[in-house]
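Open the model in your viewer and keep the selection panel handy.

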Amino acid sequence: MDGFIGEFFGTMILIMLGAGTGAGFNLNKAYAKGANWTFVCLSWGMAVTMGVYVAGSLGSMGHLNPAVTIGFACFGFFPWSQVLPYLAGQFLGAFVGAALVIIQFAPHFKATPDEASGNQVGIFATRPAIKSPLFNFISELFATFAFIFILLNLGNFTLGLKPFIVGALIFVVGTGLGTTTGFAINPARDWGPRLAYTILPVPNKGNAYWNYAWVPMCGPLAGGILAAAIQFALKG
């Protein structure tokens, strides 16, 4: 149960802060409207840091990401018996975190009349800069591979200052590899908020683009499994 609770609240904090950044960046009359990519990557990095601290304190390993949980489990770095509670916590926490952002920014959604003005699913989930399904998938695979391969070499990343290293890692993955697809690198981070945007009463909302959603699901899972496979081959 500790794993579910830690992953739920850690992922909720991650999405509250990360999607909150997206809302401030996109929505009319928010002070951060039009901020740059560095701001976005740094904010998401710190969102992950704070989520990892919360999750670790509440008894989980701070995965916050099905690509981490499943990739680790496939090669013995994490027990399969805990996978379902972790996944449930991640997806539910992401949904609730997005719902809280919708509430907080309700006046700004009302002030942003359409997608062209910034009322878009990109506040919560990812879309590619250039739509090219194969290369979008490869981009997510590469970015997630780099992220999780480094995580595997950090040891227990909930301890001490290591969550700040994880945040710095998110930042550099975002600036280095994230500009093609928006670096989901996390199926729960993408699908939970995308679902919240789809089914909750968001004023003036645009298209949720579920026809793209297979990429931020499958690309990160493939990247996580590949990273764990190589780590297993190198270190056993």
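Before the first selection, a word on naming: helices here are DSSP runs of H or I with at least four residues, numbered from the N terminus. Keep in mind, too, that this is a predicted model.

**Stop 1: a loop residue**

Select S132, which sits in the loop between helix 5 (106-110) and helix 6 (133-152). Is S132 buried, partly exposed or exposed? Its relative accessibility is 24%, so S132 counts as partly exposed.

**Stop 2**

Staying in the loop between helix 5 and helix 6, pick E115 and R127. They form a salt bridge, with 3.7 Å between the closest N and O atoms. Both partners belong to that loop, 12 residues apart. E115 has 27% relative accessibility and therefore counts as partly exposed; R127, at 34%, is partly exposed as well.

How many salt bridges does the model have? The count comes to two. For the other pair, select D190 and R194, whose closest N and O atoms are 2.8 Å apart. These two residues lie in helix 8 (residues 187-199), four residues apart, or about one turn of the helix. D190 is buried, with a relative accessible area of 0%, and R194 also counts as buried, at 0% relative accessibility.

**Stop 3: the largest pocket**

Switch to a surface view and look for the largest pocket, which holds about 390 Å³ of space. There are 23 lining residues, and W37, V40, G122, A125 and G182 are the closest to the pocket's centre. Which helix gives the most to this lining? Helix 1 does, with five residues, and helix 2 is also among those supplying at least two. Colour the lining by class and you will find nine nonpolar, 12 polar and two charged residues.

**Stop 4: the second largest pocket**

The next pocket has a volume of about 170 Å³. To find it, select its lining residues, among them M61, H63, F72, F77 and F78, together with L151, L152 and Q231. Here the classes come out as seven nonpolar, five polar and no charged residues.

**Stop 5: the cavity**

Rolling a probe the size of a water molecule over the atoms shows where empty space is left. One cavity of 30 Å³ or more is counted, and the largest cavity has a volume of about 190 Å³. Select L14, V48, I170, I185 and N186, which lie nearest its centre among 20 lining residues. Helix 2, helix 6 and helix 7 (162-177) each supply at least two residues of the lining, with helix 2 giving the most, at three. By class, this lining has 14 nonpolar, five polar and one charged residues.

**Stop 6: a nonpolar patch**

Helix 1 (2-26) and helix 4 (83-104) each supply at least two residues of the patch. End on M50, which you will find in helix 2 (residues 37-57). With 33% relative accessibility, M50 counts as partly exposed.

Terms used: Residues are numbered from 1 along each chain as its sequence is written. This is a predicted model: local features need pLDDT of at least 70, side-chain atom pairs count only at pLDDT 80 or more; totals for chains, interfaces and linings use all residues. Side-chain values use heavy atoms; hydrogens and water are left out. Buried means under 20% relative accessible area, exposed over 50%, partly exposed in between (1.4 Å probe, protein chains only). On a 1 Å grid over the protein atoms alone, a cavity is a set of points where a 1.4 Å probe fits but cannot get out, and a pocket is an open set with protein on both sides within 12 Å along at least five of seven lines; lining residues have an atom within 4 Å of a point. Grid points are joined across faces, edges and corners, and a volume is the space filled by probe spheres set on the points. Ala, Val, Leu, Ile, Met, Phe, Trp, Tyr, Cys and Pro count as nonpolar, Asp, Glu, Lys and Arg as charged, and the others, Gly among them, as polar. A salt bridge is a side-chain nitrogen of Lys or Arg within 4 Å of a carboxyl oxygen of Asp or Glu.
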